[in-house]
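The exercises below are to be worked through with the sequence and the 3D view open. Each one sets a task and then gives a solution in steps.

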Amino acid sequence: MTVNDDSFTNWKNREEIAESMIPIIGKLHRERDVTVLLHSRSLVNKSVVSILKTHRFARQIAGEELSVTETMPFLQALATLDLGPSQIDLGMLAATYKADDRGLSVVDFTAEAVAGATGANKIERGEGRDVVLYGFGRIGRLVARLLIEKAGSGNGLRLRAIVVRGGGDQDLVKRASLLRRDSIHGQFQGTITVDEANDTIVANGNEIKVIHADDPSSVDYTAYGIKDAILIDNTGKWRDREGLSKHLRPGIAKVVLTAPGKGDVPNIVHGVNHDMLKPDEQILSCASCTTNAIVPPLKAMADEYGVLRGHVETVHSFTNDQNLLDNYHKSERRGRSAPLNMVITETGAASAVAKALPDLQAKITGSSIRVPVPDVSIAILNLQLARETNREEVLDYLRNVSLTSPLRRQIDFTSAPDAVSSDFIGSRHASIVDAGATKVEGDNAILYLWYDNEFGYSCQVIRVVQYVSGVEYPTYPAPAV
């Protein structure tokens, strides 16, 4: 047998193992609300090839490829346990087991590592929490996709309704079509049908009522059977407490804004300050996509090296508020053609850092340029540190942060030498450290942080909603502090 034959046989064997993983992962998700991860990447509803590619990606972070032959025994062990709702990372299980020198079997080690999710310790499955989307634009539709994807057993978040302004003929059909197909993010993973008689879109079995309203104060959500819901305002029309309070109608318990909040509205970056929210807070903001991209790595660098001052330059994809061709706009430069120009504009991300990281004394400034790409941006974070270091140390530190720290869902890491913006479409992290572009000299560090300003940000929104809903389940093994 030739070497090529050996490689092909190995691939087919791994394909077979990945194929046998799918029903186990699906059953754990549907029946027990367990999300199986691999280095913070969900394996739920993934194809054979996608599972193998996710395993292969580990080599960029851990230095070597992780094989399904290594993770399958842990998955099989999980299937035998009395698990409650949780997130379990096979990559972390494999890594911690390899580092453990007690000689435990995979079964015994796994049972110990996830003990907090089993038996008397496990969280009881709840009834789920109603969610309403106010607005159905770029972020609204991606949040809808994520909510439908995460419906799982039906005991988590349930998208019950979408509120939009009244449309014309075939309004429902057109909105369903925008959910079904997206020029950037591809096809919806599942089936969508439209019930025009009942103003309902049915997506993967989830019945979503479409409510037409021009004013938040005109809607009584209890009339649609909605109760104690979280409303996600993705219009950005109201940003202060007074305006957002209009959403606190019968059936709505909390309001989450997908834009920077003004005044005393808390700006939350999941992974950094979400645990500071007061349980009785009814109105909160998820800040901006750029704030979510820069605050987690800024916190990581401040924790390890200290930060005296910094500047962030964002090279941002164009957005819906710009014009396709030159036309009137309340902002002078944004009126110029978005797909034909680089457009200098402002960003509030730097000033928003103070709300998310109030203990950070460093002054952070910022500016932004919109460029002719439809999605994925990059933030260039230039920091003066409190102590000198070197590039290798910083990269090793950030690589470990992306793997094992509490920020591992927010910060990703790539060492791909040919990485470009389109490679990060669909990334679920708030930002991705580009190792090849990182520059460090003495007390100066310059980080290049890619981020999918649409999808990665939408994932951060969902994490905040899960947290305030009480359905953000613990992750095992627990990340290092």
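**Exercise 1. Sort the residues that line the second largest pocket by type, then locate the pocket in this predicted model.**

Step 1. The lining of the second largest pocket divides into 15 nonpolar, 19 polar and 11 charged residues.

Step 2. The lining comprises 45 residues, and those nearest the centre of the pocket are Ser-42, Lys-46, Ser-50, Gly-426 and Arg-428.

Step 3. Two or more lining residues come from each of α1, β2, α2 (48-62), α6, β7 (186-187) and β18 (411-414). The largest share belongs to α2, with 7 residues.

Step 4. The space in the second largest pocket is about 1,500 Å³.

**Exercise 2. Decide how α6 and α7 are oriented to each other, and list the residues through which they meet.**

Step 1. Two packed helices are described by the angle between their axes and the distance between the axes.

Step 2. Helix α7 covers residues 171-180, and its axis comes within 9 Å of the axis of α6, with a crossing angle of roughly 70°.

Step 3. An angle of 65 to 115 degrees counts as roughly perpendicular. The two helices α6 and α7 are therefore roughly perpendicular to each other.

Step 4. On the α6 side the contact involves Arg-141, Ala-144, Arg-145 and Ile-148, and on the α7 side Leu-178, Leu-179 and Arg-180. The residues of this contact divide into 4 nonpolar, no polar and 3 charged.

**Exercise 3. Give the number of salt bridges, and examine the one that Lys-12 forms with Glu-15.**

Step 1. Side chains of opposite charge can pair when their charged atoms come close.

Step 2. The count of salt bridges is 23.

Step 3. In the salt bridge of Lys-12 with Glu-15, the closest N and O atoms are 3.0 Å apart. The cut-off for a salt bridge is 4 Å.

Step 4. Both Lys-12 and Glu-15 belong to helix α1 (residues 3-32), where they are 3 residues apart, about one turn of the helix.

**Exercise 4. Inspect the backbone at Pro-477 and at Asp-228.**

Step 1. The peptide bond that joins Tyr-476 and Pro-477 is cis, with omega about -10°. Pro-477 is in the segment after β21 (475-476).

Step 2. Asp-228 has a phi near 50°, which is a positive value in a residue other than glycine. The loop between β10 (206-212) and β11 (229-233) contains Asp-228.

Key: Residues are numbered from 1 along each chain as its sequence is written. This is a predicted model: local features need pLDDT of at least 70, side-chain atom pairs count only at pLDDT 80 or more; totals for chains, interfaces and linings use all residues. Side-chain values use heavy atoms; hydrogens and water are left out. Axes are lines fitted to C-alpha atoms, for helices over the stretch in contact, and angles run from 0 to 180 degrees between N-to-C directions. Helices (H or I, at least four residues) and strands (E, at least two) are DSSP runs, numbered from the N terminus. Angles under 35 degrees count as roughly parallel, over 145 as roughly antiparallel, 65 to 115 as roughly perpendicular and the rest as oblique. Contact means heavy atoms within 4.5 Å. Ala, Val, Leu, Ile, Met, Phe, Trp, Tyr, Cys and Pro count as nonpolar, Asp, Glu, Lys and Arg as charged, and the others, Gly among them, as polar. A salt bridge is a side-chain nitrogen of Lys or Arg within 4 Å of a carboxyl oxygen of Asp or Glu. On a 1 Å grid over the protein atoms alone, a cavity is a set of points where a 1.4 Å probe fits but cannot get out, and a pocket is an open set with protein on both sides within 12 Å along at least five of seven lines; lining residues have an atom within 4 Å of a point. Grid points are joined across faces, edges and corners, and a volume is the space filled by probe spheres set on the points.
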